[in-house]
Amino acid sequence: MAAHILIVDDNSELIDILRDGLERVGHSCECTGDGGTALRMLEQGAFDLVISDIVMPAPDGIELSRLFRKERPELPFIVISGSTNASYLDVARRLGARQVLAKPFTMDELLQAVDVALQAPQG
């Protein structure tokens, strides 16, 4: 299933890699490097999925996750993190992330996480 995906990460090189891999399998992507812009993009556009880093300019990925749950509870999201602090990913799971991925991850791992997130029931 092709999806319209919002990618949020402050690493522009990683954004390019993620976008290229996701578009190669038929998804369309919009990207930003900060949480504030991501929130504005969510208000203006319809997305099927959000992929967000945790450690980035305010609001960070944890706060962004909280806002996703409050404003768009039906919107699935995947949290990615290169932080060595595993509690970030645990918090993201508790906030409703459908999938969490620790960096570095492979494109196959990301594509599998996207498939699972898009097929998982709400809740």
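At the start of helix H1, a side-chain oxygen of Asn11 comes to within 3.0 Å of the backbone nitrogen of Glu13. This is a polar contact, meaning a pair of N or O atoms within 3.5 Å; within protein, one must be able to donate a hydrogen and the other to accept it, and residues adjacent in sequence count only if both atoms are side-chain atoms. The model is predicted: local features need pLDDT of at least 70, side-chain atom pairs count only at pLDDT 80 or more, and totals for chains, interfaces and linings use all residues. Residues are numbered from 1 along each chain as its sequence is written, and side-chain values use heavy atoms, with hydrogens and water left out.

**Overall fold**

- The chain has five helices and five strands. Helices (H or I, at least four residues) and strands (E, at least two) are DSSP runs, numbered from the N terminus.
- Along the sequence the pattern reads β-α-β-α-β-α-β-α-β-α.
- Along the principal axes, the C-alpha atoms fill a box of roughly 30 × 30 × 25 Å.
- Of the 123 residues, 46% are buried. Buried means under 20% relative accessible area, exposed over 50%, and partly exposed in between (1.4 Å probe, protein chains only).
- Among contacts with a separation of 6 or more, 62% join residues 24 or more positions apart. Contact means heavy atoms within 4.5 Å.

**Helix H1**

- H1 covers residues 12-24. Its 13 residues should span 18 Å at 1.5 Å a residue, and the end C-alpha atoms are 18 Å apart, which agrees. The expected span is 1.5 Å times one less than the number of residues.
- Leu14, Ile15, Leu18, Gly21 and Leu22 are buried in H1. Seen down the axis, the buried residues of H1 fall within an arc of 140 degrees, so they line one face of the helix. The arc is that of the directions from the helix axis to the C-beta atoms.
- Ser12, Glu13 and Arg24 are exposed on the other side of H1.
- The cover over the buried residues of H1 includes strands S1 (4-8), S2 (28-32), S3 (49-53) and S4 (77-81), along with helix H5 (107-119).
- Just after H1, Gly26 has a positive phi of about 105 degrees.

**Salt bridges**

- The count comes to six salt bridges. Each is a side-chain nitrogen of Lys or Arg within 4 Å of a carboxyl oxygen of Asp or Glu.
- Lys103 pairs with Asp53, with the closest N and O atoms 3.5 Å apart. This pair links distant parts of the chain, 50 residues apart: Lys103 sits in the loop between strand S5 (99-102) and H5, Asp53 in strand S3.
- Asp53 is buried at 4% relative accessible area. Lys103 is partly exposed at 25%.
- A network of salt bridges links Asp9, Asp53 and Lys103.
- Arg66 and Glu63 form a salt bridge at 3.4 Å, N to O. Both lie in helix H3 (residues 61-71), three residues apart, about one turn of the helix. Arg66 is partly exposed at 41% relative accessibility, as is Glu63 at 31%.
- Glu74 and Arg72 form a salt bridge at 3.0 Å, N to O. Glu74 is partly exposed, with 36% relative accessibility.

**Loop between S5 and H5**

- The peptide bond from Lys103 to Pro104 is cis, with omega near -5 degrees. Pro104 lies in the loop between S5 and H5.
- Most residues other than glycine have a negative phi, and most peptide bonds are trans.

**Two buried polar side chains**

- Ser65 lies in helix H3. Ser65 is buried, with a relative accessible area of 1%.
- A polar atom of the Ser65 side chain lies 2.8 Å from the backbone oxygen of Gly61.
- Beyond residues up to four places away in sequence, Ser65 touches Phe77, Val79 and Leu95.
- Thr32 is in strand S2. Thr32 counts as buried at 8% relative accessibility.
- Leaving aside neighbours within four places in sequence, Thr32 contacts Leu6, Ile7, Val8, Asp9, Ile15, Thr37, Ala38 and Met41.
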